[in-house]
Amino acid sequence: MQKLLGSVSDAVVGQQGAQESLSDTCFSEKGEYAVDLTRFKRLNLFRRPTPLEELARLQQAIGCKPRIFLKRDDLTDSGLGGNKNRKLDFIMADAVAQGSDVIITLGGVQSNHCRQTLAVATKLGLECHLILQGEKPAVRQGNLLYDTLLGANIHFVPADADMYEVAADLIAELEKKGRKPYLIPVGGSTPLGALGYVESTLEVIEQGKEMGVTFGHAFLATGSAGTQGGAEAAAREKCPSMKIHGVSVSREAEPVKKSVANMANQVYALLGIDKTVSPEDIIVYDQYYGEKYAVPTEAGNDAIRLLARTEAIVLDPVYTGKAMSGMIDMLRKGLLDDAEAVLFFHTGGYPAIFAYAEYFQE
Ligand SMILES: Cc1ncc(COP(=O)(O)O)c(C=O)c1O
């Protein structure tokens, strides 16, 4: 049984044992894919592997040929779950190893990343500051309610402010007081954080093998690109026939492809793998995010209702609902029929739905 988050001293020992079974199964094909994650410190925040579920009722409702599977990274059991826990498992271990005593991170008012970072900091007994961009709402809901319950130091900044400037001022102020702040960038998308999605992807490939299915396509929501960057790096190394499809939630496809390729290349460098990817190799769609980031789309909300009513699983209107609407659209058009099975990474985010209640009153 894998050890969950313990004390700070537990957190920095590397947890060799917990990795062994994964290395045996995922990385051992004649040593060819000897990706060694054991040399990175980690916290073991959640039980791995997360479940892989078949969505037979959703497949039936869509009427598509490929089988549909869901990687339940919404069930990473820290801070109400989500993809950021996979990144934070590595990033926060680094913060602890550096002797940091204050964690600072940034995002939107309903940031899932900020919520999960705060949860880990709280468990480690570290002070946490969240720089949240957007209006302070009259009533706190969703992720912001969670942040407030946990007693976060919240700094609301206007939509046009430079969050990193605000963070720099805060860091200077804390350092003057003799503190050791650690800044985690938006979405935790650093190469170290993206290792979390190297691991999630290797996990799911292995789980597919155990269930006797090969995924031809895998979909995920892409924002700051750490999730897709890590998944790309792993899939290309271990299962090149599985195409990773990123559904952009905020930007046009071209800059996102560049960010993803850049992240995958930094991951390869970190892992000592002599390989590069170029933006032309990356698949990103920009037709599913609608008007702009965090504004729900009709198709995204329909996808949320469809998954809820067929599988009793909840997505969110900012990331996973929009990404699912992209996958459903392509399945309905028969564009993924070359695959026996398609995969969707449920990257979490469902607590945000409570802040969007007015969209789901019927
Ligand atoms: C629920 C959810 N899914 C997907 C993403 C996108 O991940 P990334 O920022 O690594 O592209 C995020 C990022 O905040 C998220 O909260």
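Biologist: Which residues come nearest the ligand?
Modeller: This is a predicted model, and in it N112, G187, S224, T347 and G349 come nearest, out of 20 residues around the ligand.

Biologist: And which elements give two or more residues to that shell?
Modeller: Helix 5 (112-124), strand 7 (215-222) and helix 9 (226-238) do.

Biologist: Switching topic: how is the protein divided into domains?
Modeller: Domain 1 is made of 46-82 + 190-360, and domain 2 covers 84-188. Their C-alpha centres lie 25 Å apart.

Biologist: Back to the ligand for a second, which domains does its shell draw at least three residues from?
Modeller: Domain 1 and domain 2, with at least three residues from each.

Biologist: How many residues are in contact between the two domains?
Modeller: On the domain 1 side 28 residues, in contact with 24 residues of domain 2.

Biologist: Which helix gives the largest share of the side of domain 1 that touches domain 2?
Modeller: Helix 8 (residues 191-211), which puts seven residues there.

Biologist: And how does that side divide by residue type?
Modeller: The side of domain 1 that touches domain 2 has 14 polar residues, 12 nonpolar and two charged.

Conventions: Residues numbered from 1 in each chain as written. Predicted model: local features only at pLDDT ≥ 70, side-chain atom pairs only at ≥ 80, totals over all residues. Near = placed C-beta within 6 Å. Helix = DSSP H or I, 4+ residues; strand = E, 2+ residues; numbered from the N terminus. Domains from an automatic or database assignment. Contact = placed C-beta atoms within 7 Å. Nonpolar A, V, L, I, M, F, W, Y, C, P; charged D, E, K, R; others polar.
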